[in-house]
Amino acid sequence: MLDDFFIRALLAGIGIALITGPIGCFVIWRRLSFFAGTLAHSALLGVTMALVFELNIALSVFLISAVISIFLLQLQTKTNLPNDALLGLLAHSSLAIGLVIIGFLTTIRFDVMGLLFGDILAVSQSDLLVIWGGGVFILIILKIIWKPLFASTINYDLAKAEGMNPDRYNAIFTILMAAIIAISIKIVGLLLITGMLIIPAALARNISSNPIQMALLSTIGGLLSILIGLFSSLEFNTASGPSIITAALLLFLISLIKTKKFSELKK
Amino acid sequence: MENKNKVLLKVENAGISLNDKSLVKGVSFEVKQGEIVTLIGPNGSGKSTTAKIALGIYKKIDGKVKTYTNKIGYVPQKISIDWTLPIRVSDFMTLTEELNQDQINIALNLTGVEHLKNKSLSNLSGGEFQRVLIARAISKQPELLVLDEPVQGVDFKGEIALYELIKKISDKMKCGILLISHDLHVVMSATDYVLCLNGHVCCSGTPHNVVKDSKYRELFGDRASNILSLYEHKHDHTHSQDGTIDQK
């Protein structure tokens, strides 16, 4: 029989995979993987803020992500530095500020490792509620905005000209990304949430021919990563978060083999 | 133009500058139902920019733009689909509008690319992609079509057929068309109103009047002025692929 904590971990992981599957596709399509990484890094600052002001961690992470996104937009108008440089600047400086503030919090015992890599085996019932409640909400919003968001992803001008209002949907998508990171920070940790957003979607791209299919395969890839990762962490007594990402990487490598054979068949 | 049709687009004294440098300024024109308005001009004269101004793509513009319809079809000059996004022609067709299979088939058929329906967009040639772009823009039965170099990369025969299709659409569907084209032959033979741009409006009017304008001659040279004489005769037949003559 499986232990309760393990079942909770499975449920939490499944919830995360269901959200990161389709959202991860948009992250890849919109070339936002570095942006997702930046938001994840800034989450450390969010957590320390939560400790200082005694806020809810998810809420605080969400707010900091929003601030970072707005700050990025401001920087883009002030300088011509390329986006990746600005994102690197924001990612590392917010991580650094977070760590500096932790240094001042001498009274609080603080598990930095847990924050970096997450602790999916320590998920409580209220965590599950946050993940599944937030997850359902995020997926419903994504379903509603799918069409205009997809059009804006394909081509801004086209979407704008034909009345799809891309600015609005780009903004909503940024908020959704911040929300995902906020609800999953405790589970997979800030270094691994980007992995869950990118790797399943990347493996799905190798084996899909249309956007809906890619979103589905990405979700399935994420679910498999969670299952393989968690059960092998139980079996081999390895850290669960990194095991999940390692499983995702293995699946990605398998998807590469498959496309190679497939394209050879075409020839 | 004694055209009593509804005005679809009105651009008044519009322009835009980037970093204090004016890209285009003082452009005014209207597009009415069933009318084809073309923008011509040398490279960098602001044709695409003017189209984007008219479509409301820029946030800060000078002057005023009013559109009196929200059923707009746009064929942009450049569009690149990233490899990371797997998308078939049929997915692309429904990008901004819900269409049923029949509507998709009809539109693709009109531009001669029905056989590409399930192909991936990234596998299309330049000309094929252009035909798909046009099919997508007309499939939603727009009231206003904005076509920015719609036949670039299309073979010569297809080019003529597509321009005929565009003309037919404007007649049949009564939609207004704003066209950007390099092909002066087409512009002069098939459009109702021409604006000649070079950072501003050099001259404008019916094709007949524009070719007589000295500014037009300055921009395009004397040979361009003879174009109209070439085109002021009616074709009474077409040729099918094997060269036989089809009487109209």
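Q: What makes the sheet in chain B an open sheet of 3 strands, and in which order do they lie?
A: In this predicted model, the order is E2-E1-E4 of chain B, with antiparallel pairing. Strands E2 (21-32) and E4 (62-67) of chain B are the edges, since each pairs on one side only. The twist from one strand to the next averages 15°.

Q: How do you know that E1 and E2 of chain B pair?
A: Two strands pair if DSSP finds at least two bridges between them. Strand E1 (residues 7-18) of chain B has 8 bridges with E2(B), in the antiparallel sense. Among the partners, B:Leu9 is bridged to B:Val31 in E2(B). B:Leu18 stands opposite B:Lys21 in E2(B).

Q: What lies between E1(B) and E2(B) in the hairpin?
A: There are 2 residues between the strands. In the turn, B:Asn19 has a positive phi of about 50°.

Q: Which helix packs on the sheet, and what does it touch?
A: Helix H1 (residues 47-55) of chain B does, touching E1, E2 and E4 of chain B. The direction of H1(B) makes about 120° with that of E1(B).

Q: How do you know that the span of helix H8 of chain A is close to the expected one?
A: The expected span is 1.5 Å times one less than the number of residues. H8(A), residues 166-188, has 23 residues, so 33 Å is expected. From first C-alpha to last, H8(A) reaches 31 Å.

Q: Where is the kink in H8(A) centred?
A: On A:Ala182, with a bend of about 30°. That bend is the angle between axes fitted to the seven residues ending there and the seven starting there. Just after H8(A), A:Gly189 takes a positive phi of about 80°.

Q: Why is H8(A) called mostly covered?
A: A residue is buried if 20 or more other C-beta atoms lie within 10 Å of its own. In H8(A), 17 of the 23 residues are buried, so the helix is called mostly covered.

Q: What makes up the contact between chain A and chain B?
A: Chain B gives 21 residues and chain A gives 19. On the chain B side, H1 and strand E5 (72-75) are the elements that give two or more residues. The residues on that side divide into 12 nonpolar, 5 polar and 4 charged.

Note on methods
Residues are numbered from 1 along each chain as its sequence is written. Chains are lettered from A and ligands numbered from 1 in the order in which they are written. This is a predicted model: local features need pLDDT of at least 70, side-chain atom pairs count only at pLDDT 80 or more; totals for chains, interfaces and linings use all residues. Helices (H or I, at least four residues) and strands (E, at least two) are DSSP runs, numbered from the N terminus. Axes are lines fitted to C-alpha atoms, for helices over the stretch in contact, and angles run from 0 to 180 degrees between N-to-C directions. Two residues are in contact if their C-beta atoms, placed from the backbone, lie within 7 Å. A residue is buried if 20 or more other C-beta atoms lie within 10 Å of its own, exposed if 12 or fewer, and partly exposed in between; C-beta atoms are placed from the backbone. Ala, Val, Leu, Ile, Met, Phe, Trp, Tyr, Cys and Pro count as nonpolar, Asp, Glu, Lys and Arg as charged, and the others, Gly among them, as polar.
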